[in-house]
Amino acid sequence: MWNEYLQEIKSGNIKTLARTISLVENEAEGYEQLLRLLPQEDTRVIGITGPPGAGKSTLVDALIGELVNDGKKVGVICVDPSSPFNMGAVLGDRIRMSSWYTHPGVFIRSLATRGSMGGLHPKIIEITDLMKAFPFDHIILETVGVGQSEIEIAGLADVTVVVLVPEGGDEVQTMKAGLMEIADIFVVNKADRPGADLFVRNLRQMFAPAFSNHSEEIPVLKTVAAEKTGIVELNGAISLLAANTKSGDKKFWLLAERAYYLMEQQRMKGVNKQVLRKVIEAEYQLGNFNLYRFIKDK
Ligand SMILES: Nc1nc2c(ncn2[C@@H]2O[C@H](COP(=O)(O)OP(=O)(O)OP(=O)(O)O)[C@@H](O)[C@H]2O)c(=O)[nH]1
Ligand SMILES: [Mg+2]
């Protein structure tokens, strides 16, 4: 059955892709078998992250336009950190990217995080890999950057674009180290608002090689996503960086990041803190409890 699903995905069957994403999302019985059948794929993954409301979806919408014009097939995953009871953001994505929902070259899937793992989805690595089996030319991953998850998205995307707005100075100061680790490109969106040029200049200075431990300059681009301004330049910058990742060292670092994360998950499977607490209490009552002997055989 899984092999048939995979063949259908490979041949571009969007319904099967949608269905199998749900199976993986819900950990349907045997879903790991499908994952183990996935072929080696190099589909480019573009990560778009940044604070809530920065214009990420609007930017993705414009970027899809650019790629589709170029004859590319695009898969989009939007990770929505709101609760399943708040459909606001998902509906927002639908409105923001409305023109693409019915386009044959575009597939958009929103995933709700249900509050776990910051802004990421617990099966985001698996779902992204599943999408890679489909004949997409590019995969775009939109996540809301809330601290830690921004660092985690770095392991998922070949190129990570951090979207900020002209008023984002304080945010950048507090997250500087984290941003430096993940950002391949900075976008100052809503550049139609005052202060954009000054903010761009400050960012360039702050992340210049002389002031940071980055050996290369991190591009800082200006966009007005709502008017599709600056999108060609953004697409160009992404292509340039992605070309380096494909052949370079970074690809294997990304795979190692993902392997580490998945191994961690696998090892901790079935470990339940509530249960752990009860077992510890019981052993403690017996006396002579030692934490290190306790974990040794776990
Ligand atoms: N002035 C201005 N408004 C913009 C621009 N780009 C997006 N917006 C507006 O900003 C608001 C938020 O846009 P979204 O694209 O939904 O932002 P987002 O970052 O995806 O938001 P979340 O996914 O909810 O975090 C919308 O009302 C957009 O119309 C821009 O370049 N200029
Ligand atoms: Mg959005």
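Me: Buried means under 20% relative accessible area. The model here is predicted. Where is Asn-235, and is Asn-235 buried or exposed?

Reply: Asn-235 sits in helix α10, residues 231-247. Its relative accessible area is 12%. The cut-off is under 20%. So Asn-235 counts as buried.

Me: Which protein donors does the magnesium ion (ligand 2) have?

Reply: The donors lie 2.1 to 2.2 Å from the magnesium ion. One gives its OG atom, the other OE. They are Ser-57 and Glu-142.

Me: How many residues apart in sequence are the parts that this pair ties together?

Reply: Ser-57 and Glu-142 are the protein donors of the magnesium ion. Ser-57 is in helix α4 (residues 56-69), and Glu-142 is in strand β4 (residues 138-144), so the pair links parts separated in sequence by 85 residues.

Me: Is Ser-57 buried or exposed, and what about Glu-142, buried or exposed?

Reply: Ser-57 has a relative accessible area of 7%. Glu-142 has 6%. Both values fall under the 20% cut-off. So Ser-57 is buried, and Glu-142 is also buried.

Me: At roughly what angle do the axes of α2 and α6 cross, and how are the helices oriented?

Reply: Helix α2 covers residues 14-25, and helix α6 covers residues 124-133. Their axes come within 10 Å and cross at roughly 160°. Over 145 degrees counts as roughly antiparallel. That is why α2 and α6 are roughly antiparallel.

Me: Is the crossing of α2 and α6 left-handed or right-handed, and how many nonpolar residues does the contact have?

Reply: α2 passes α6 in a right-handed crossing. Leu-17, Thr-20, Ile-21, Val-24 and Glu-25 of α2 meet Glu-126, Ile-127, Leu-130 and Met-131 of α6. One residue of this contact is polar and two are charged; the nonpolar ones number six.

Me: At about what angle do α6 and α11 pack, and how is α6 oriented to α11?

Reply: Helix α11 covers residues 250-268. The two axes are 11 Å apart, at an angle of about 130°. That value makes α6 and α11 oblique.

Me: Which residues make the contact of α6 with α11, and how many are charged?

Reply: α6 brings Ile-125, Glu-126, Asp-129 and Lys-132. α11 brings Arg-258, Tyr-261, Leu-262 and Gln-265. Three are nonpolar and one is polar; the charged ones number four.

Me: How many residues of α6 are buried?

Reply: α6 is mostly covered. Its buried residues include Ile-124, Thr-128 and Ala-133. Glu-126 and Lys-132 are also among them. Of the 10 residues in α6, the buried count is nine.

Me: Where is Glu-41, and which residues is Glu-41 in contact with, leaving aside neighbours within four places in sequence?

Reply: Glu-41 is in the loop between α3 (31-37) and β1 (44-50). Its relative accessible area is 34%, so Glu-41 is partly exposed. In space, Glu-41 lies 10.0 Å from Pro-135, C-alpha to C-alpha, though they are 94 residues apart in sequence. Its contacts are Lys-132 and Ala-133.

Me: Across the chain, what share of contacts between residues at least 6 apart in sequence join residues at least 24 apart?

Reply: The chain has 13 helices and seven strands. Of its 298 residues, 46% count as buried. For contacts joining residues at least 24 apart, the share is 78%.

Definitions and conventions:
Residues numbered from 1 in each chain as written. Chains lettered and ligands numbered in written order. Predicted model: local features only at pLDDT ≥ 70, side-chain atom pairs only at ≥ 80, totals over all residues. Heavy atoms only, no water. Donors = N, O, S within 2.8 Å, 3.2 Å for Na, K, Ca; no water. Helix = DSSP H or I, 4+ residues; strand = E, 2+ residues; numbered from the N terminus. Buried < 20%, exposed > 50% of the residue type's maximum accessible area, 1.4 Å probe, protein only. Axes fitted to C-alpha atoms, helices over the stretch in contact; angles between N-to-C directions. Parallel < 35°, antiparallel > 145°, perpendicular 65-115°, else oblique. Left-handed = near helix turned anticlockwise from the far one by under 90°. Contact = heavy atoms within 4.5 Å. Nonpolar A, V, L, I, M, F, W, Y, C, P; charged D, E, K, R; others polar.
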